[in-house]
Amino acid sequence: MSYFNSDSALQAYLSELILPTHLRGDPGKSSIQDILNGYNTPGISVAVLPPSGNAEYSKTPLITSAFGLRDVGDPASVIDPETIFQAASISKPFTALAVLRLVAQGKLDLDTDIGEYLADIKRDSLHHSALVNPATAPRTPITLRLLLSHKSGLSTVAGFDGYNAQLTPMPSTISILNGTAPSNSLPIRAFTLPGLGTSYSGGGTTLVQHILTLVTGKDFPTLMKELVLEPLGMSRSTYEQQASRVNFACGHPTAYTGFHGGTECMIYPEMAAAGLWTTPSDILKGLRAVYDCLSGSNQSFLPPALVADSFTATNGFGKYGIGWRVQTLSTDEGARKRRMVIEHGGANQGFRCWVLLVGDVPVAGEPLGVDSKPPLGIAVMTNSDHGLQLGGRIMTAFGWAVGEPITLGGVASEQYFPVLATTPEEEGRVARQIEGWQAWAGDWRMKEGGVALTIGEEDGRPVVSMLGLHQLVLLPAAVHHTSPEEIKVWVVRDMDVAVIMKDAGKAVEIRQNEMEYAAERVVPSGDT
């Protein structure tokens, strides 16, 4: 994986990876900006923590790559690795870190009812609306742990639309919590049972924002700078919303249009939930530093047990720990550790982004052993509402490159790049990945609609015939699976369609437009 050796090597690899296969090896036929526009994304920035051995890990630098424009209206506004983007909901896990630092200092408790910390909001009002009887409305418990894991029952506001600062006054936090003008969101209220499953709540995180300002006596950008951003070395990051910014990406609804009304992006006074401005390298650097607390190498920031707790799904329901979304890939009971994905995504108007780290996490309360594999990770930030089309493919391809089954939000992507193998070793991996695909050859019928399709072979590779289209060519997808003998993932050449061969020859699925269409076998190949 020489493309992880330097910034220039990563840039060269990604420049080739994002090209359609007929342009690979001859990138001069099309400009990178044309390719980005084809994915409906003006620009993208990437940071990678590459794989390393234990002895080299502490010295392993992040590598970066960037493409495209900060502002489609300015052809000279080239994105570089220092360009800041809105991190959207990635703001939330970093807000959780501020809470954890105050917990470590004894100023907050994760499991105490938040009524202890509220001074200017009536605790009971969080359960009241015009639709309930205030005299009988249940006063369910709400704690910081429940708020930060999206299990508090504050279910009325999942996310926020932002504000055009040129047209609209900014609401106070109290206005947002109560849903009063000029707030553009509903009142933040608890109408579902706490601790039972996940109910994603940007509103709950905004309540955390209010508690943090009350407990510290400081405005939110200042307390986040002091408690989190500066200690983690995130020098290109801020929660300030209307301060002057240098080298920043504008938000875009599409690759061709910015926002109307004289604004470069929406503003988010819901800072804890959506207000962080940062770079991919800063958020990955921050997550790496938090992970390093597990080994005790960064205990000045947080104690290992508290970090392990934050990387553990709360109450076993849903996939959120304290701030982070978490997924267990495997468990080593003997070594008392889990191989985990720690991640979060974000979606503000005009921005899409993701950060993800794969590493060994000890069972809560246990130290991280010296034999643990060093972590690896990736962060991707885009300045388009459609950034998933490109960013999601890059994240999944990173999983293929490092041999980890990476998904976004725990959900398998339907969008993949064809594999780009750059070495004989990688070509061997591709051969093993597709080996045995002939088990799915033959005639199939879509379960809905009855459309017939046939999987055949041409030059040793699978092709699909259906809908009068002869021999749609299937290319191996850049996605890693732990059981390649059970599942084969393909990209239909020159189309935004994936074909999934599943269950060791027994099932086929077509994915497109965020939908899955199952097929059933009609006549196995060779039968009469």
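Visitor: Are F94 and W324 buried or exposed?
Guide: Both are buried. Keep in mind that this is a predicted model.

Visitor: How far apart are the ring centres of F94 and W324, and at what angle are the planes?
Guide: The centres are 5.6 Å apart and the planes sit at 70°. Edge-to-face starts over 60 degrees, so F94 and W324 form an edge-to-face pair.

Visitor: Where in the chain do the two residues of that pair lie?
Guide: F94 is in helix α3, residues 91-104. W324 is in the loop between α10 and β5.

Visitor: Which rings does R245 sit over?
Guide: The charged end of R245 sits over the ring of F248, 5.4 Å from its centre. R245 also lies over the face of W277, at 4.2 Å from the ring centre.

Visitor: New topic. What is the strand order in the sheet?
Guide: β2-β1-β8-β7-β6-β5, six strands in an open, antiparallel sheet. β2 and β5 each have a single partner, so one side of each has no neighbour in the sheet. The twist averages 10° from one strand to the next.

Visitor: How many bridges join β6 to β7?
Guide: 12 bridges join them. G346 stands opposite C353 in β7.

Visitor: Which strands does helix α9 lie across?
Guide: β1, β2, β6, β7 and β8. Helix α9 runs at about 20° to β7. Helix α11 packs on the sheet too, touching β1, β7 and β8.

Technical notes. Residues are numbered from 1 along each chain as its sequence is written. This is a predicted model: local features need pLDDT of at least 70, side-chain atom pairs count only at pLDDT 80 or more; totals for chains, interfaces and linings use all residues. Side-chain values use heavy atoms; hydrogens and water are left out. Rings of Phe, Tyr and Trp (its six-membered ring) pair if their centres lie within 6.5 Å; planes under 30 degrees apart count as stacked, over 60 as edge-to-face and the rest as tilted. Helices (H or I, at least four residues) and strands (E, at least two) are DSSP runs, numbered from the N terminus. Buried means under 20% relative accessible area, exposed over 50%, partly exposed in between (1.4 Å probe, protein chains only). A charge sits over a ring if NZ of Lys or CZ of Arg is within 6 Å of the ring centre and within 35 degrees of the ring normal. Two strands pair if DSSP finds at least two bridges between them. Axes are lines fitted to C-alpha atoms, for helices over the stretch in contact, and angles run from 0 to 180 degrees between N-to-C directions. Contact means heavy atoms within 4.5 Å.
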